[in-house]
Amino acid sequence: MRVSDLIVGLLVLIGAAALYVVASTFPPIPGQQYGADVFPKLTAAGLAACGFLLCLGAARAGPFPLAWATWVREPGALARALGTIALTAAYLVLVPYLGFVVTASLVLTGLFLLVRVRLQVAVPVAVAVALVTWWSFAHGLRVPLPRGLVEGFL
Amino acid sequence: MGAIETGIVMVLRWDVILTVLAASIFGLVVGAIPGLTATMAIALLVPITFFMEPLPAVGAMIACSAMAIFAGDIPSTLMRMPGTPASAAYTEECYAMTRKGQAEVALGANVLFSALGGLFGTFILILAAPLLAEVALGFSSFEYFWLALLGLACAIFIGAGSPVKGLISLLLGLFVAQVGIDNPGGLPRFTFGSTELLGGIDFIPAMIGLFAMSEVIRTMASGARDWQVKQTSIGNPLKGWGAMFVKYWPQQIRGNLTGTAIGILPGAGADIAAWVSYATSRKFSKTPEKFGTGHVEGIIESTSSNNAALAGAWVPALVFGIPGDSITAVVIGVLYLKGLNPGPMLFINNPQTIYAVFTIFILANLLMVPLGLLALKAGTALLKFPRRILIPIILMFCIVGSYAVNNSPYGVVVMLVFGVLGFLMEEHEIPIAPCVLGIVLGKLLEESFVTSMIKADGNLLAFFERPISGTLGALTILVFVWPIWSALRARRRAPAAG
């Protein structure tokens with residue numbers, strides 16, 4: 001999915017302004033000319049210049065669509081992208097309660113279903129991958145992956 | 001025993017050799033899968049290297065990146081899809097050879113000349129790094145400031161695409177580096193009250209997000225369909241090695257030299273080296289009309305070049321701690337974690353480790369020939385593995401890897417945020433590499449600037465007063481001014497011509 005360079009440029013300009021405002025609140029180092037605010041302010045100035053140039057370039061290019069998409073035209077593409085992000089976020093929310101193996105199995109099954117893997121393939125593969133990952137990381141590399149419903153039995 | 005012998009003995013241990021072998025296979029697999037880059041292979045490898053001794057960890061990264069860059073040529077040749085961006089320059093040429101039924105010739109050339117290119121780059125690394133390290137001993141904050149800025153400038157202007165978008169990416173990276181309390185004023189910046197942000201944004205989860213998660217989102221969005229492999233049986237790739245070596249040695253040497261030089265340049269790596277070498281090859285060829293029709297000449301020059309660049313990129317990384325490309329940007333992070341802080345002092349305090357690193361480079365490039373030939377045989381089978389199964393598994397690795405960095409879900413949050421950011425950036429043709437360099441070099445740039453200003457009492461001209469600093473400064477300014485000047489000149493010429 002893509003929006004016009006004009007919108008990207010405007011977003012960069014807004015970001016630059018916010019950065020400058022926050023940086024202005026940083027107190028100077030006593031007795032020094034250059035403190036903690038110098039680099040953020042320079043970054044903000046650079047971003048503002050780039051945002052302006054991007055808008056200028058987009059405006060000069062003449063009539064343009066505000067947003068267009070290559071793969072979004074394909075039905076479901078946006079849903080699959082958002083689904084992937086949502087499932088990763090769901091992992092973060094669920095893992096403290098359900099533990100690694102159950103959460104990873106659920107998330108993987110969800111991801112497989114998003115790309116149309118059949119359910120009877122998706123579930124066993126998801127569980128197998130979750131178990132192998134648990135054993136290799138939690139046992140092999142001693143990473144304390146979150147424990148929950150079933151990890152005590154593994 | 002001298003440092004060189006100690007270095008070699010350090011490598012000849014079963015754990016080091018096994019790690020190098022395993023990382024090589026991992027690199028071959030990831031490199032051979034289109035969309036999964038060498039940098040992504042390295043980013044996914046980093047969490048595992050945490051649990052290794054310093055030398056196997058570094059060895060794993062060297063072997064993995066070298067193999068991934070070579071393996072990118074396999075899907076290029078068989079499917080017209082570059083496995084890594086470093087193969088993109090000559091994908092059409094390789095695929096044209098496949099259409100002529102000469103896939104084995106193209107792949108054979110890729111194995112042989114990738115390995116030779118890597119060995120040449122290593123040779124230059126061995127010669128140049130210790131010499132440069134001696135010069136670098138005299139460097140102060142002024143020189144480091146310019147070196148960091150030069151690396152950032154090269155990242156924006158040498159890569160293809162819009163310099164404005166490159167600059168946006170770079171500034172974004174610099175902003176990310178500013179988050180946290182680790183700054184000249186010791187002041188919490190952009191932490192918004194979060195204790196986790198006080199320590200700054202974790203580099204490794206950010207890398208996994210930018211390089212791996214973003215690709216996962218993109219592939220998932222496109223439905224993760226399986227690839228179509230055209231030529232399934234490959235003949236003998238060793239056929240014609242001798243003849244190619246004799247006929248195209250000047251192209252090979254030129255590719256090696258160009259690749260190493262571009263690799264050494266801070267900020268530019270294997271991708272750019274391959275593009276430049278392919279163009280050079282065509283320009284100086286006696287038969288430029290054959291280019292694009294399945295002619296091996298350009299393939300030899302550019303496949304030599306991208307592997308040579310890989311070793312070249314380690315020169316500034318080891319000597320100055322300035323990454324030569326995005327792979328070494330990640331490697332520098334690992335070197336710090338392992339207590340092998342890059343810089344000239346590493347050559348004095350720890351020469352045996354440096355020689356061990358050189359030995360691993362040689363070993364990895366020698367291993368490339370047998371492993372590469374095996375990979376060619378396995379390549380078609382690998383490409384038939386269903387992508388819709390593979391990509392979700394990669395996402396699970398991203399999650400576990402980001403968590404393992406600090407054993408904290410904060411790493412996964414960082415990975416997710418940067419994954420979405422990287423995805424949106426690439427959708428808008430904003431390159432990712434300058435952002436990564438900005439994150440890596442941001443602290444060095446700010447620290448060296450503020451330290452220099454304290455020394456010089458705020459006098460900006462002090463940046464030009466020392467001879468090396470002045471030269472580096474002039475060079476950096478040239479890199480910034482040159483593209484603007486040439487753009488203006490082109491604009492002035494255009495109306496005259498019109």
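Helix 6 of chain B is followed by Gly101(B), whose phi is positive, near 80°. Helices (H or I, at least four residues) and strands (E, at least two) are DSSP runs, numbered from the N terminus. This is a predicted model, in which local features need pLDDT of at least 70, side-chain atom pairs count only at pLDDT 80 or more, and totals for chains, interfaces and linings use all residues. Residues are numbered from 1 along each chain as its sequence is written, while chains are lettered from A and ligands numbered from 1 in the order in which they are written.

**Helix 6 of chain B**

- Helix 6 (residues 91-99) of chain B is mostly covered, with seven of its nine residues buried; a residue is buried if 20 or more other C-beta atoms lie within 10 Å of its own, exposed if 12 or fewer, and partly exposed in between, with C-beta atoms placed from the backbone.
- The buried positions in helix 6 of chain B are Thr91(B), Glu93(B), Cys94(B), Tyr95(B), Ala96(B), Met97(B) and Thr98(B).
- These buried residues pack against helix 5 (73-79), helix 7 (103-136) and helix 15 (296-312) of chain B.

**Helix 20 of chain B**

- Helix 20 of chain B is largely enclosed by the rest of the structure, because 16 of its 20 residues are buried.
- At 1.5 Å a residue, helix 20 of chain B should span 28 Å, which agrees with the 30 Å between its end C-alpha atoms; the expected span is 1.5 Å times one less than the number of residues in the helix.
- Asn407(B), whose phi is positive, near 50°, follows helix 20 of chain B.

**Interface between the chains**

- In chain B, 43 residues are in contact with 45 residues of chain A; two residues are in contact if their C-beta atoms, placed from the backbone, lie within 7 Å.
- Two or more residues on the side of chain B that touches chain A come from each of helix 9 (163-178), helix 11 (203-221), helix 20 (387-406), helix 21 (409-427) and helix 22 (433-455) of chain B.
- Helix 20 of chain B gives the most to that side, with nine residues.
- By class, the side of chain B that touches chain A has 31 nonpolar, eight polar and four charged residues; Ala, Val, Leu, Ile, Met, Phe, Trp, Tyr, Cys and Pro count as nonpolar, Asp, Glu, Lys and Arg as charged, and the others, Gly among them, as polar.

**Chain B as a whole**

- Chain B has 23 helices and zero strands.
- Its radius of gyration is 22 Å, close to the 23 Å that the globule rule gives for 498 residues, so chain B is as compact as a globular protein of that length; the radius is taken over C-alpha atoms, and the rule is 2.2 Å times the number of residues to the power 0.38.
- Buried residues make up 61% of the 498 residues in chain B.

**Chain A as a whole**

- Chain A contains five helices and two strands, in the order β-α-α-β-α-α-α along the sequence.
- The radius of gyration of chain A is 24 Å, well over the 15 Å that the globule rule gives for 154 residues, so chain A is more spread out than a compact globule.
- Of the 154 residues of chain A, 31% count as buried.
- The mean pLDDT of chain A is 88, and 91% of its residues reach 70 or more; pLDDT is the predictor's confidence in each residue, from 0 to 100.
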